[in-house]
Every structure is written in C-alpha cells, then in structure tokens.
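Visitor: Hello! I am new to protein structures and would like to learn how to read one. Could you guide me through it?

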Amino acid sequence: MYYYPTKEEIENQKSLILSKEKLQEDSLIPSLDGKFTPFRYFKHGLDVSPSPSVGKKVVISGKDLDTILNQEKIALVPYTVPFERSYSIVELQDLTSEKRITNLLYDAVYEGIPISDLKIGLEIVGLRVLEVIKSGYYNILLSDFNISQYRIPLPITFLLMYLENFLKEKGIDVRNLKFIVQSSEIKNPFEVATLLSLGSSMVYPSSMDEEKVIDLLNQYVYDLISKKGYKSIEEFIGSKNVNVIGLKNEFLELINPSYKSSFEVEGLSEIESYLYT
C-alpha cells in the first residue's frame, strides 16, 4: 500500500529541521529496501545546512498559498485517482474518447496486453491538466487534498516527469507553465529540491505548515542549490539536476524517456505492487 508519513514521523522531521543541524540525505530518504516513497529513487548526494542567503520563497505555507490563489489565476488539479481499476476506467472515459477505452479493453482481452493502473492514473491527471490549459490556465496547483480510502495520490515525482513528456507530445512546453505542488507527504528539503528539479515552481508541504519550519525549509533548499552551483532558484527549477537511482529504464521510457537511471532495480510491476496491493 502507498506509504505516507505518520504523525510521529512528521513531528520528528519538524524537530530535526527546527534544530538547524546539518541534514544528511541518506538518513532522511529511505533506501530501496526501506519503506516505499516516490522520493527514494532520487538523490542529490549532498548534506545541507540552513543558508543565511535566501531569495524567492519556494517552500510556501497555507497562508502563502491562500494569498497566491487570491492574486493569481490558478487551476486546482487533484493528483489523486481511484484505487479501484473500474472507477479509474470510468474517470478516464469521462476525459477521453470512447475509442480510447475500446482500444484499452481490446488490447487487454484480445492482445494480452495487461492494463496498467499507474499508466491509467497518470493519463487521467495528464488529461485533467491538459483540460485546464485549454481553458486558459497556465498556473496549476497539483494537490492531494482529497485523499481517502477510495482515492490514492499518484507518486508526485513520476507525475511531474510524466507531465513534461505528455504535454510535450501535445505541443505544450512545461517551461511556460507554473506548477505548485501541495502534498502532505513532503517532510524535508531533499524532497522539496527533487520536486523543484523536476519542474515544480513552488511546494506547499501541508503537514509541515508552521512558519518557522517553512522558513527553515527554504534556507535548507537554498543551501542545496548553492552547493550545486546555482546562482538563482529559477535556474534550478526544472533543471533535472537530481540523480535517478534504482528505476528500470524501461519504466522511465514509459513516463519520460529524457531520464535515465544509474542502475536498474524496480519497474512498473514493482511500483504498482506498492501502490495497489
């Protein structure tokens, strides 16, 4: 089953951040034999400390998000999908053509091509994003606000990778869009930095929503990008400057072929087993 941090883990992470100590990536991001999170396949290879020099705020609070929503034209796109396949297919049918569903079912029944729940989920959210772009929205809030026992969040790392490739195929450059990620899963600066490198412009870690924690998360993130040689956060956003480790390249080809893994361990079937069993 998809892993989300417990309240105890969140409080421990808050305490660690508030201590202002040097944070070690290996102690905060699980290894491949640890609990599943979509962040364990992405490594920065750095330890970080709070930076005294902070520019534009990229880790935002709920209050910051409210201000942004009141000042800018932003579309809310949930990145949760039904846990049950039949409901996912119904959602996909509402967003696409009858032919697409017919081909999906035909391939499964007559061609022996297994239906991939993750691929259906990614397509659902991709089509939601495409729909709001066609309606004139270029600022998009990707949110897990409606998680329930019937709806699970897609791995946000894979979703950002997928969206870049999906929208490129539709003739849309993600560099002309602004994605804000709202997630109750994010709990440390390494995870924030991964999302920024994959194309998110801002991150709202809803389970860490305390002013001092948010300020320190920004300081840690700025230390990380400085150590990577970036002079501005804008240069880092969407840079893909993160090491992909432990994913099969066959899986990466499915979601975004511009990424390559340094060694291959897990692919589509393994990841779906974490999400849907």
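Guide: Gladly! Let us begin with a term: a salt bridge is a side-chain nitrogen of Lys or Arg within 4 Å of a carboxyl oxygen of Asp or Glu. Keep in mind that this is a predicted model.

Visitor: How many salt bridges does a search of the whole structure find?

Guide: The search gives 16 salt bridges. One of them joins Lys-57 to Asp-64, with the closest N and O atoms 2.7 Å apart. Lys-57 is partly exposed at 33% relative accessibility, and Asp-64 is partly exposed too, at 22%.

Visitor: Which parts of the chain does the pair of Glu-91 and Arg-151 link?

Guide: Glu-91 and Arg-151 form a salt bridge whose closest N and O atoms are 2.7 Å apart. The pair links distant parts of the chain, since Glu-91 sits in helix 4 (residues 85-95) and Arg-151 in strand 7 (residues 151-153), 60 residues apart.

Visitor: Which residues are linked in a network of salt bridges?

Guide: That network links Glu-11, Lys-14 and Glu-210.

Visitor: Now for sheets. What is the order of the four strands in the open sheet?

Guide: First the general idea: strands of a sheet pair through backbone hydrogen bonds, either parallel or antiparallel. In this structure, the open sheet has the order 4-6-8-9, with parallel pairing. Its edges are strand 4 (74-78) and strand 9 (200-205), each of which pairs on one side only. On average, neighbouring strands of the sheet are turned by 20° against each other, direction ignored.

Visitor: How many bridges join strand 6 to strand 8?

Guide: Five bridges join strand 6 (residues 139-143) to strand 8 (residues 178-183). Within this pairing, Ile-140 has Phe-179 in strand 8 as its bridge partner. Strand 4 and strand 6 also pair in the parallel sense, over five bridges, and Pro-78 stands opposite Ser-143 in strand 6.

Visitor: Why is strand 4 said to be largely enclosed by the rest of the structure?

Guide: Because four of its five residues are buried.

Visitor: And the surface? Which residues make the nonpolar surface patch of about 370 Å²?

Guide: Tyr-106, Val-109 and Tyr-110 make that patch. Tyr-106 lies in helix 5 (residues 98-110) and is partly exposed, with a relative accessible area of 41%.

Technical notes. Residues are numbered from 1 along each chain as its sequence is written. This is a predicted model: local features need pLDDT of at least 70, side-chain atom pairs count only at pLDDT 80 or more; totals for chains, interfaces and linings use all residues. Side-chain values use heavy atoms; hydrogens and water are left out. Patches are made of residues with over 30% relative accessible area and no salt bridge: like charges are joined within 9 Å, nonpolar side chains (Val, Leu, Ile, Met, Phe, Trp, Tyr) within 5 Å. Accessible areas come from the Shrake-Rupley method with a 1.4 Å probe; for residues, only the protein chains shown count as cover. Helices (H or I, at least four residues) and strands (E, at least two) are DSSP runs, numbered from the N terminus. Buried means under 20% relative accessible area, exposed over 50%, partly exposed in between (1.4 Å probe, protein chains only). Two strands pair if DSSP finds at least two bridges between them. Axes are lines fitted to C-alpha atoms, for helices over the stretch in contact, and angles run from 0 to 180 degrees between N-to-C directions.
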